[in-house]
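Please keep the 3D view open as you read.

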Amino acid sequence: MGLRSLITKDVKAENENSRTIIALRILYIVVFIAFILDICFAGLEVIKMYPYRIFALLVANILLFIFTYYSKTKPSLYLFMIFLFAFTLFMIPCVGWSAGMQNYFIIILMLTFFAMHAKSAYKFMYAGVVLAIRIAVIWVYGGIKPLTDITRTDDKLLQITNISAVFVSIIFISYVFSKQENEKENKLMKYNDQLKKEAGTDQLTGLFNRRRTKEYLEVIREDKEMGAVSVAMGDIDFFKKVNDTYGHDAGDEVLKFVANKMKDDLQETSFISRWGGEEFLIIMPHCNGDEAFTVLEKLRRNIQKSVIKVGESEINITMTFGLTEFGFHQDTDRVIKEADEKLYYGKSNGRNQVVY
């Protein structure tokens with residue numbers, strides 16, 4: 001069994017918080033490594049002077065680690081906190097105040113707010129208890145020297161070991177408990193973006209829908225620096241005949257072809273929407289009527305020359321467009337109506353043309 005599988009193995013109890021158990025196992029390993037290094041840097045004299053204390057802490061570390069595989073989350077969490085209190089209080093006289101054992105209280109504080117499932121008031125109360133114990137430790141042990149001779153170099157190594165263990169523990173606690181929340185938040189943001197996109201998008205063609213188009217027109221109307229804006233209403237000629245002859249699936253393919261053709265041929269700044277059925281509304285910012293006419297005429301010719309293959313069928317279509325310029329004093333509904341009236345005129349007078 002590898003270290004990863006050893007840490008992430010499920011507990012025997014059902015419906016337990018795996019994140020907390022994983023964090024505790026990592027913390028036990030970090031404290032164990034720091035404990036062994038502390039003993040090495042403090043020297044064998046420490047073991048001779050405090051054999052029962054050292055042995056008891058070592059055994060407790062190992063047994064409590066094993067206990068996480070059989071216990072529920074809450075008992076395991078509280079036992080780790082108690083163990084860390086005992087570890088700190090028992091080791092300070094062994095290695096001295098300057099070794100930084102008191103910094104392990106920070107880990108307990110982190111677990112109080114990240115891992116403990118309790119009301120905020122209780123969490124702050126527990127944090128107050130940790131602070132009180134920390135102050136009491138300063139009062140009792142502050143500045144205490146180890147009873148054994150520890151060289152200056154070993155004392156610095158003890159400080160490095162313990163502060164590193166605390167930093168690593170904080171990093172793991174923060175990562176384990178924030179990772180899932182960050183992932184959920186990112187998924188929620190993507191989901192909201194998707195909902196927003198779908199709310200303003202026609203599912204068949206991928207173009208904007210009527211609702212999103214009206215919102216965009218309102219934005220343009222409020223933008224006094226936009227300059228010339230052209231609005232065109234386009235309609236596929238004899239689309240009902242396409243559906244009747246080739247079927248509705250073929251009609252859908254024609255709609256998607258026209259949508260893609262518009263995306264390819266029109267300017268990148270153009271706002272293209274499916275207005276309804278076989279009608280499309282095109283908004284061209286920074287484009288006056290003459291310029292828009294040239295662009296739409298080219299699009300109309302390209303569509304006329306295209307052959308749409310659906311299965312074994314080859315379908316030819318044409319389009320008619322009604323084009324108008326957007327006056328900023330106008331109501332948006334009036335602009336759309338003007339484009340629609342010109343479209344109707346073109347449909348009534350031969351189709352396959354741009355009416356401006």
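Which residues does S169 touch, not counting residues up to four places away in sequence? Before the reply, a word on what you are looking at. This is a predicted model, in which local features need pLDDT of at least 70 and side-chain atom pairs count only at pLDDT 80 or more, while totals for chains, interfaces and linings use all residues. Residues are numbered from 1 along each chain as its sequence is written, and side-chain values use heavy atoms, with hydrogens and water left out.

Now to S169: leaving aside residues up to four places away in sequence, S169 touches L27, V30 and I107, where contact means heavy atoms within 4.5 Å. You will find S169 in helix α8, residues 152–199. Helices here are DSSP runs of H or I with at least four residues, strands are runs of E with at least two, and both are numbered from the N terminus. S169 counts as buried because its relative accessibility is 0%; buried means under 20% relative accessible area, exposed over 50%, and partly exposed in between, with a 1.4 Å probe and protein chains only. Y104 lies 65 residues from S169 in sequence and 9.2 Å from it in space, C-alpha to C-alpha.

With 3% relative accessibility, A23 counts as buried. Its contacts, again not counting residues up to four places away in sequence, are V176 and F177. For a sense of scale, A23 and R301 are 278 residues apart in sequence and 66 Å apart in space, C-alpha to C-alpha.

Next come the helix pairs. Two packed helices are described by the angle between their axes and the distance between the axes. The axes are lines fitted to C-alpha atoms, for helices over the stretch in contact, and the angles run from 0 to 180 degrees between N-to-C directions.

Start with helix α5 (residues 73–95) and helix α6 (residues 105–114), whose axes come within 9 Å and cross at roughly 165°. That angle makes α5 roughly antiparallel to α6; angles over 145 degrees count as roughly antiparallel, under 35 as roughly parallel, 65 to 115 as roughly perpendicular, and the rest as oblique. The crossing of α5 and α6 is left-handed, a term for the near helix being turned anticlockwise from the far one by less than a right angle, with right-handed standing for clockwise. On the α5 side the contact is made by L77, F80, M81, L84, F85 and T88, and on the α6 side by F105, I107, I108, L111 and T112. I107 is one of the residues that S169 touches. By class, this contact of α5 with α6 has nine nonpolar, two polar and no charged residues. Here Ala, Val, Leu, Ile, Met, Phe, Trp, Tyr, Cys and Pro count as nonpolar, Asp, Glu, Lys and Arg as charged, and the others, Gly among them, as polar.

Helix α5 also has a contact with helix α7 (residues 120–141): the axes of α5 and α7 come within 11 Å and cross at roughly 10°. That makes α5 roughly parallel to α7, and α5 passes α7 in a right-handed crossing. Y78, F85, L89, I92 and P93 of α5 meet Y126, V130, I133, V137 and Y141 of α7. This contact of α5 with α7 divides into ten nonpolar, no polar and no charged residues.

K261, M262 and D265 in α11 meet L299, N302 and I303 in α12. The classes in this contact of α11 with α12 are three nonpolar, one polar and two charged.

Most residues other than glycine have a negative phi. F238, although not a glycine, has a positive phi of about 55°, and F238 lies in the loop between β1 (229–236) and α10 (239–246). N352, also not a glycine, has a positive phi of about 50°, and its place is in the loop between α13 (332–348) and β7 (354–355).

Finally, zoom out. The protein has 13 helices and seven strands, and its C-alpha atoms fill a box of roughly 105 × 50 × 40 Å, taken along the principal axes. Its radius of gyration is 37 Å, whereas a compact globule of 356 residues would have one near 21 Å; the radius is taken over C-alpha atoms, and the globule rule is 2.2 Å times the number of residues to the power 0.38. Of the 356 residues, 43% count as buried.
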